[in-house]
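Reader: I have a chain on my screen and some questions about how its parts pack together. Can you take me through them?

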Amino acid sequence: MPMPKYSKTILCLANSRKISGRCIAGRELSKGQLGAWIRPVSARLNAELSEEDRRFENGRDPRVLDIIRIPMIEPKPHAFQVENHLIDAEYYWTLEGRGSWQQAIGALDNPLKPLWDNTSSSYSGLHDRVAEANASPADGSLRLIEVDDLQITVAVEGAEFGNGKRKVRGRFTHGGVQHYLSITDPPVERQYLLGANGVFPVGKALLCVSLSEPFNGWTYKLIASVITA
């Protein structure tokens with residue numbers, strides 16, 4: 001079997017629910033130094049990663065703060081998602097180690113940088129979407145931020161439209177702007193869906209926020225991971 005064209009080693013900062021698979025993202029790690037954001041993607045229509053795509057040879061799924069070496073074929077930027085690299089699905093991923101809380105803190109993006117455009121909100125969210133036309137490749141599609149006022153909410157949404165389901169969202173302030181975004185971090189979703197509806201204060205946390213694939217002219221801001229010490 002020929003060798004993959006290249007590999008990227010990342011500090012994993014998100015393993016997020018996407019369509020029928022996952023979206024994984026992290027900062028490149030080279031010689032102990034953190035670099036650019038990397039989002040490994042598949043050749044599927046929506047680029048999500050299946051369980052087989054992303055698992056290690058022992059069958060384990062990647063976890064947030066894992067240090068992972070991923071075989072790649074080529075960079076695959078898509079519109080504003082400039083961080084995408086197409087994986088070589090013929091190879092397993094390799095677990096190189098575990099990152100630390102301090103490494104996660106070192107991966108934070110500029111706290112003065114806003115979460116893209118803050119002029120639009122969905123029916124249930126707050127400052128949770130960006131017009132596709134306003135999503136610039138220069139701004140990328142991934143951020144790691146630190147907040148000190150995170151609240152996680154579990155509530156039924158969409159009942160008035162006849163399709164109500166329980167939804168997990170996060171409310172926080174960043175750069176003086178309130179946000180109320182969907183959480184797509186599976187362990188966090190499971191933890192809170194097991195309990196009652198309500199508002200649950202978390203406080204300090206690191207959040208990986210991602211811009212989704214466009215839908216009906218909008219890209220949505222998603223909390224792809226919630227990282228706490």
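Author: Arg22 comes out at 18% relative accessibility. The cut-off for buried is under 20%, so Arg22 counts as buried. Keep in mind that this is a predicted model.

Reader: Is Asp61 buried or partly exposed?

Author: Buried would need a value under 20%. Asp61 has 22% relative accessibility, so the label is partly exposed.

Reader: Which residue is linked with Arg22 and Asp61 in a network of salt bridges?

Author: Arg22 and Asp61 already meet through their side chains. The network also takes in another arginine.

Reader: How many salt bridges does a search of the whole structure find?

Author: Side chains of opposite charge can pair when their charged atoms come close. Searching the whole structure for such salt bridges gives a total of 14.

Reader: How many residues apart in sequence are the parts that Glu213 and Lys18 tie together?

Author: The two side chains meet in a salt bridge at 3.5 Å, N to O. Glu213 lies in the loop between E11 and E12, while Lys18 lies in strand E1 (residues 6-18), so the parts they tie together are separated in sequence by 195 residues.

Reader: What is the N to O distance between Glu157 and Arg169?

Author: Glu157 is in strand E8 and Arg169 in strand E9, twelve residues apart. Glu157 counts as buried at 17% relative accessibility, and Arg169 counts as buried at 5%. Their side chains meet in a salt bridge with an N to O distance of 2.6 Å.

Reader: How far apart in space are Leu206 and Ile227?

Author: Leu206 lies in strand E11 and is buried, with a relative accessible area of 0%. Beyond its sequence neighbours up to four places away, Leu206 touches residues including Trp101, Leu144, Val226 and Ile227. Leu206 and Ile227 are 21 residues apart in sequence, yet their C-alpha to C-alpha distance is 5.0 Å.

Reader: Why do the buried residues of H3 lie on the same side of the helix?

Author: The buried residues in H3 are Pro186, Val188, Glu189 and Tyr192. They share one side of H3 because the arc they cover around the axis is only 165 degrees.

Reader: What angle separates the ring planes of Tyr192 and Phe200?

Author: A search of the whole structure finds one aromatic pair. Tyr192 and Phe200 form that pair, with 5.6 Å centre to centre. Tyr192 is buried at 15%, while Phe200 counts as partly exposed at 28%. The pair is tilted, with a plane angle of 50 degrees.

Reader: Which aromatic residue has Arg129 over its face?

Author: Arg129 lies 3.8 Å from the ring centre. A separate case is Arg171, which lies over the face of Tyr180 at 4.1 Å. For Arg129, the ring belongs to Trp218.

Reader: Trp116 and Asn216 each have a positive phi although neither is a glycine. Which is exposed?

Author: Trp116, with a phi of about 60 degrees, counts as buried at 11% relative accessibility. Asn216 has a phi of about 50 degrees and sits in the loop between E11 and E12. With a relative accessible area of 67%, the exposed residue is Asn216.

Conventions
Residues numbered from 1 in each chain as written. Predicted model: local features only at pLDDT ≥ 70, side-chain atom pairs only at ≥ 80, totals over all residues. Heavy atoms only, no water. Buried < 20%, exposed > 50% of the residue type's maximum accessible area, 1.4 Å probe, protein only. Helix = DSSP H or I, 4+ residues; strand = E, 2+ residues; numbered from the N terminus. Arc of directions from axis to C-beta. Salt bridge = Lys/Arg side-chain N within 4 Å of Asp/Glu carboxyl O. Phe/Tyr/Trp six-rings, centres within 6.5 Å; stacked < 30°, edge-to-face > 60°. Lys NZ or Arg CZ within 6 Å of the ring centre and 35° of its normal. Contact = heavy atoms within 4.5 Å.
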